[in-house]
Amino acid sequence: MRGHRIVPHLVTSVAITALVFAPEARAQAHGHDAAAPASGYRAELISDIDELEEKFLGLASAMTGKYAWSPSEGVRSVSQVFMHMASGNFMLPTMAGVMPPEGIKAGNMEEMVATMRELEAITDEAKVKETVQHSFGHVRHAIASISDEELDAPVQLFGQDATKRAVLHLVVTHMHEHLGQSIAYARMNEVVPPWSGGGEN
């Protein structure tokens, strides 16, 4: 999420404080039971997310055997980038009032920080892919559960006045940022993104 005007990085003390206890947070067993929108802004977001999921999972498969690779010391590895993106998918919607699915702890600041660190520590390739896929399902659920009428409802986004629309926008831009990072990692490892046919992306 580096480069976003509101927050330079997902895991900061300010960010975590803002994430916890969003007003009127919706707890859920996470059966993805909210009806998907048929048209409008939320439907457009979900269409974008569907494509992002396909690309992330394609890269996750194409980078098999390279999950521990990092461009330099202190920089996230392949698996850490995937899991950082997934943790954002679980945690960022809390700012719009949608809590993480069952099994992803975020009841207070300490739990949230611990959960995000635990997720980024996962290196098993099958578990990484499973978690990434689960996180996309959660984001689709989050978007579907926020009605069009709620999109302009006021919220605090990293300590600033914003709307639920802005939160959903941030979730998707965060995915795009780390898709670009993952593509760069693949190219540095001479792995062609499966959808590109050898082209630029």
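Is Ala36 buried or exposed? Ala36 counts as exposed, at 59% relative accessibility, where exposed means over 50% relative accessible area, buried under 20% and partly exposed in between (1.4 Å probe, protein chains only).

Before the details, a word on the model. This is a predicted model, in which local features need pLDDT of at least 70, side-chain atom pairs count only at pLDDT 80 or more, and totals for chains, interfaces and linings use all residues. Residues are numbered from 1 along each chain as its sequence is written, and side-chain values use heavy atoms, with hydrogens and water left out.

1. **Overall layout.** The protein has 6 helices and 2 strands, and along the sequence they follow the pattern α-α-α-α-α-β-β-α. Both kinds of element are DSSP runs numbered from the N terminus: helices are H or I with at least four residues, strands are E with at least two. Of the 201 residues in the protein, 48% are buried. Take the contacts (heavy atoms within 4.5 Å) between residues at least 6 apart in sequence: 75% of them join residues at least 24 apart.

2. **Back to Ala36.** You will find Ala36 in the loop between α1 (13-19) and α2. From Ala36 to Ile46 is 10 residues in sequence and 8.5 Å in space, C-alpha to C-alpha.

3. **Aromatic pairs.** Searching the whole structure gives 4 aromatic pairs. Rings of Phe, Tyr and Trp (its six-membered ring) pair if their centres lie within 6.5 Å; planes under 30 degrees apart count as stacked, over 60 as edge-to-face and the rest as tilted. Phe56 and Phe136 have ring centres 6.0 Å apart and planes at 45°, so this pair is tilted. It links distant parts of the chain, with Phe56 in helix α2 (residues 41-62) and Phe136 in helix α5 (residues 125-145), 80 residues apart. Phe56 is buried at a relative accessible area of 1%, and Phe136 is buried too, at 0%. One aromatic cluster is formed by Phe56, Tyr67, Phe82 and Phe136.

4. **A charge over a ring.** Arg165 lies over the face of Tyr41, 5.2 Å from the ring centre. The test for this is NZ of Lys or CZ of Arg within 6 Å of the ring centre and within 35 degrees of the ring normal.

5. **How do α3 and α6 pack?** Helix α3 (residues 78-91) and helix α6 (residues 164-188) meet at an angle of about 170°, their axes 10 Å apart. Axes here are lines fitted to C-alpha atoms, for helices over the stretch in contact, with angles from 0 to 180 degrees between N-to-C directions. The two helices are therefore roughly antiparallel, a label for angles over 145 degrees. On the α3 side the contact includes Phe82 and Met85, and on the α6 side His174 and Tyr185 are among the residues. The contact residues divide into 7 nonpolar, 7 polar and no charged. In this scheme Ala, Val, Leu, Ile, Met, Phe, Trp, Tyr, Cys and Pro are nonpolar, Asp, Glu, Lys and Arg are charged, and the others, Gly among them, are polar.

6. **Two backbone angles to check.** Most residues other than glycine have a negative phi. Phe158, not a glycine, has a positive phi of about 55°. Phe158 sits in the loop between β1 (154-157) and β2 (160-163), and is buried with a relative accessible area of 7%. Glu190 also has a positive phi, of about 60°, without being a glycine. Glu190 belongs to the segment after α6 and is exposed, with a relative accessible area of 76%.

Notes:
Angles under 35 degrees count as roughly parallel, over 145 as roughly antiparallel, 65 to 115 as roughly perpendicular and the rest as oblique.
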